[in-house]
Amino acid sequence: MSPARTSAGAVLVTPSPAAMVWHEPGRSHESIAVPGVELRPGEALVEVELATVCGSDVHTVLGHRRQPAPGVLGHEQVGRVVALGPGGASSVDGAVLALGDRVVWTVTASCGACERCLRGLPQKCHELRKYGHERLERGWELSGGFATHVHLLRGTGIVRVPETMPAELAAPASCSTATAVAALDAGGGAPLDGAEVLVAGAGMIGLAVTAIASAAGATVTVVDPDVARRETARRFGARAVLDPSGGALAGQLAGHGRGAPVLSVEASGAAASVRALLETSDVGGTVVLVGSVSPGPSVELDPERLVRRLLTVRGVHNYAPTHLQGAIDFLAATPGPFAAEQLVGARFPLDALDEALVAAAAGTHVRVAVDPHAH
């Protein structure tokens with residue numbers, strides 16, 4: 001790797017990285033070589049240690065969600081800083097980053113100056129850029145995790161990762177685990193110790209919510225139609241698991257000796273699930289919607305019920321840098337059910353990315369990993 005200064009004061013790095021470019025559903029990924037990376041102030045180049053496949057990546061390649069193309073997918077990864085732009089860069093906790101630091105980063109990069117950023121909503125910045133979600137462009141080809149390196153823009157939340165943390169735990173933190181922290185934060189900050197928490201959907205976000213809430217002392221009930229996912233939820237700390245096809249949710253909760261939840265997190269996106277959580281929440285309870293990220297049937301809302309039961313409904317999309325820091329802090333202190341072998345069931349080299357996506361789509365594993373160093 002040979003960094004050099006450009007006439008504009010940026011740092012030009014020529015490590016000959018490669019990225020896997022997605023074009024359209026049904027077409028294989030194309031590997032491209034990037035001749036050089038120009039790092040501006042506040043930017044960094046990270047060599048990817050391991051990436052994991054998110055459900056949204058699968059939905060994109062199957063054509064179930066719209067995505068600018070061509071582009072580099074992937075937004076769950078961990079890696080090491082191999083180059084820094086002029087003036088360096090800092091982590092979320094304020095530390096100055098050094099070459100060799102092991103890091104994860106937010107799925108978003110924000111400007112820090114617009115009205116939304118100033119309101120504490122950098123994840124909804126007016127100038128937002130999203131890793132793994134943008135159209136391929138000259139100068140920022142390394143914009144997704146399915147590559148040997150990722151070019152981190154200024155305004156990205158970067159969090160250092162302990163050397164002892166398995167890469168299989170660290171990589172998903174930049175999506176599902178951080179989103180889970182944001183979902184619980186949206187619950188209003190009420191103490192979880194002894195609280196009844198209901199989680200709908202035992203995908204990665206739902207499992208992370210279950211683990212974090214359980215570790216905090218909550219009694220967590222998880223609802224999911226898939227028997228294997230329900231059993232996985234038990235390993236992540238669920239006290240009870242319910243099948244939504246087994247009858248009215250309120251009756252099932254009562255039948256399992258569970259009271260009405262004070263906090264409900266909807267992580268499946270199913271309209272029927274949203275309705276059920278609104279109907280079963282306790283007086284003064286909060287319902288956090290996380291899974292409804294794609295167009296679907298509308299859900300009728302009874303305003304009188306909302307008012308008389310003092311209910312709060314919150315939406316969570318993306319997350320703030322502090323939530324990613326919280327995710328890494330939790331994993332470092334309480335790895336618990338996030339055992340590497342439970343989380344990642346299969347690994348593929350980068351040039352077998354299409355095979356990895358097929359394996360992820362099968363739903364057999366919680367996560368499938370892509371290793372740029374494997375052959």
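Figure 1. Thr221 is in contact (heavy atoms within 4.5 Å) with Val197, Leu198, Val199, Ala240, Leu242, Leu253 and Arg258, leaving aside its neighbours within four places in sequence. Thr221 belongs to strand E13, residues 219-223; helices (H or I, at least four residues) and strands (E, at least two) are DSSP runs numbered from the N terminus. With a relative accessible area of 2%, Thr221 is buried; buried means under 20% relative accessible area, exposed over 50%, and partly exposed in between, for a 1.4 Å probe and protein chains only. The model is predicted, so local features need pLDDT of at least 70 and side-chain atom pairs count only at pLDDT 80 or more, while totals for chains, interfaces and linings use all residues. Residues are numbered from 1 along each chain as its sequence is written, and side-chain values use heavy atoms, with hydrogens and water left out.

**Figure 2. Thr60 in helix H1.** Thr60 is found in helix H1, which covers residues 55-61. Its relative accessibility is 1%, so Thr60 counts as buried. Apart from neighbours within four places in sequence, Thr60 is in contact with Trp22, Pro25, Arg65, Gln67 and Leu73. One of these, Trp22, is 38 residues from Thr60 in sequence, and the two C-alpha atoms are 9.5 Å apart in space.

**Figure 3. The loop between helix H1 and strand E7, with Pro70 and Gly71.** The loop holds Pro70 and Gly71, and strand E7 spans residues 76-84. The peptide bond from Ala69 to Pro70 is cis, with omega near 0°. Gly71 is buried, at a relative accessible area of 2%. Not counting residues up to four places away in sequence, Gly71 touches Met20, Val21, Trp22, Glu134 and Leu136. Pro166 is 95 residues from Gly71 in sequence, with a C-alpha to C-alpha separation of 28 Å.

**Figure 4. The aromatic pair of Tyr131 and Trp140.** The structure holds 1 aromatic pair. The ring centres of Tyr131 and Trp140 are 5.6 Å apart and the ring planes stand at 70°, so the pair is edge-to-face. Rings of Phe, Tyr and Trp (its six-membered ring) pair if their centres lie within 6.5 Å; planes under 30 degrees apart count as stacked, over 60 as edge-to-face and the rest as tilted. Both partners are buried: Tyr131 at 1% relative accessibility and Trp140 with a relative accessible area of 3%.

Figure 5. Over residues 41-162 the chain is 9% helix and 30% strand. The end C-alpha atoms of this stretch are 26 Å apart.

**Figure 6. Packing of helix H3 against helix H9.** The axes of H3 (residues 167-186) and H9 (residues 321-333) come within 7 Å and cross at roughly 110°. Axes are lines fitted to C-alpha atoms, for helices over the stretch in contact, and angles run from 0 to 180 degrees between N-to-C directions. H3 and H9 are therefore roughly perpendicular to each other; angles under 35 degrees count as roughly parallel, over 145 as roughly antiparallel, 65 to 115 as roughly perpendicular and the rest as oblique. Their crossing is right-handed; a crossing is left-handed if the near helix is turned anticlockwise from the far one by less than a right angle, and right-handed if clockwise. The contact is made by H3 residues Leu169, Ala173, Ser174, Thr177, Ala178, Val181, Ala182 and Asp185, and by H9 residues His323, Leu324, Gly326, Ala327, Ile328 and Leu331.

**Figure 7. Packing of helix H3 against helix H4.** The axes of H3 and H4 (residues 204-215) come within 8 Å and cross at roughly 60°. These two helices, H3 and H4, are therefore oblique to each other, and H3 passes H4 in a right-handed crossing. From H3, the residues Ser176, Thr177, Thr179, Ala180, Val181, Ala183 and Leu184 meet Met204, Ile205, Ala208, Val209, Ile212 and Ala213 of H4.

Figure 8. Leu310, a residue other than glycine, has a positive phi near 55°. Leu310 is in the loop between helix H8 (303-308) and strand E17 (312-315), and is exposed, with a relative accessible area of 58%. Asn318 also is not a glycine and has a positive phi of about 60°. Asn318 is found in the loop between E17 and H9 and is buried, with a relative accessible area of 9%.
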